[in-house]
Amino acid sequence: AGSHGGLVGLGIALAQERQSGKLVVSGVEAGTNAAKSGIKKGTVLCTVDGSSVQGMTLDQVRPLLLGEPHTAVVLGLRGPQGGEIQDFAVIRQVPRGPGPNRPSQQQQVPLRQPSPPIPPGHHLQQQQQQQQ
């Protein structure tokens, strides 16, 4: 259920303000195209590809941000104090590592963890100390 069929995001986290309902950028992953394009934490998301997201919930907006890798999406962002909406074109990219709610691309789990080597006679020494 966690997979979106090969769709990827932008490397930004959004939070919805409870009172105003505004969608605010709560985090920008370092090294992503979103960070490189100059998107800053605290800016307010106003449009996605020219369509207003005012009054929409996070769950309604999230599918608009996801898409095929290497496709572009244009985010209209306004600063925390208001002002003009600025457009940021961001290329979607495959996440570099598994995040908290992203399935990892390589699901190769070792069958058993290699245990650290036990020095010979280690168990015997412990037993002898307990008996004394």
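The lining of the second largest pocket divides into eight nonpolar, nine polar and two charged residues. Here Ala, Val, Leu, Ile, Met, Phe, Trp, Tyr, Cys and Pro count as nonpolar, Asp, Glu, Lys and Arg as charged, and the others, Gly among them, as polar. The model is predicted: local features need pLDDT of at least 70, side-chain atom pairs count only at pLDDT 80 or more, and totals for chains, interfaces and linings use all residues. Residues are numbered from 1 along each chain as its sequence is written, and side-chain values use heavy atoms, with hydrogens and water left out.

**The pocket**
- The second largest pocket holds about 300 Å³ of space.
- Of its 19 lining residues, Lys22, Val44, Leu45, Cys46 and Gln54 are the closest to the centre.
- Strand 3 (44-48), strand 5 (72-79) and strand 6 (82-91) are the elements that give two or more residues to this lining.
- Strand 3 gives the most, with four residues.
- A pocket is found on a 1 Å grid over the protein atoms alone: it is an open set of points where a 1.4 Å probe fits, with protein on both sides within 12 Å along at least five of seven lines. Lining residues have an atom within 4 Å of a point.
- Grid points are joined across faces, edges and corners, and the volume is the space filled by probe spheres set on the points.

**The chain as a whole**
- The chain has three helices and six strands.
- Along the sequence they follow the pattern β-β-α-β-β-α-β-β-α.
- Helices (H or I, at least four residues) and strands (E, at least two) are DSSP runs, numbered from the N terminus.
- Of the 132 residues, 23% count as buried. Buried means under 20% relative accessible area, exposed over 50%, and partly exposed in between (1.4 Å probe, protein chains only).
- The chain exposes about 9700 Å², and carbon and sulfur atoms supply 51% of that area. Accessible areas come from the Shrake-Rupley method with a 1.4 Å probe; for residues, only the protein chains shown count as cover.
- Among contacts (heavy atoms within 4.5 Å) between residues at least 6 apart in sequence, 52% join residues at least 24 apart.

**Strand pairing**
- Strand 1 (residues 12-16) and strand 2 (residues 23-28) pair in the antiparallel sense over five bridges. Two strands pair if DSSP finds at least two bridges between them.
- In this pairing, Ala13 stands opposite Gly27 of strand 2.
- The two strands form a hairpin with six residues between them. Gly21, in the turn, has a positive phi of about 80°.
- Strand 2 also pairs with strand 3 in the antiparallel sense, over two bridges.
- Val24 has Val44 in strand 3 as its bridge partner. Val44 is also one of the residues closest to the pocket centre.

**Thr47 in strand 3**
- Thr47 lies in strand 3.
- Thr47 counts as buried because its relative accessibility is 15%.
- Leaving out residues up to four places away in sequence, Thr47 touches Ser52, Val53, Val74, Leu75, Gly76 and Asp87.

**Two loop residues with positive phi**
- Asp49 sits in the loop between strand 3 and strand 4 (51-52).
- Phi of Asp49 is near 50°, a positive value in a residue other than glycine.
- Asp49 is partly exposed, with a relative accessible area of 45%.
- His70 sits in the loop between helix 2 (58-65) and strand 5.
- His70 is not a glycine, yet has a positive phi of about 70°.
- His70 counts as exposed, at 64% relative accessibility.
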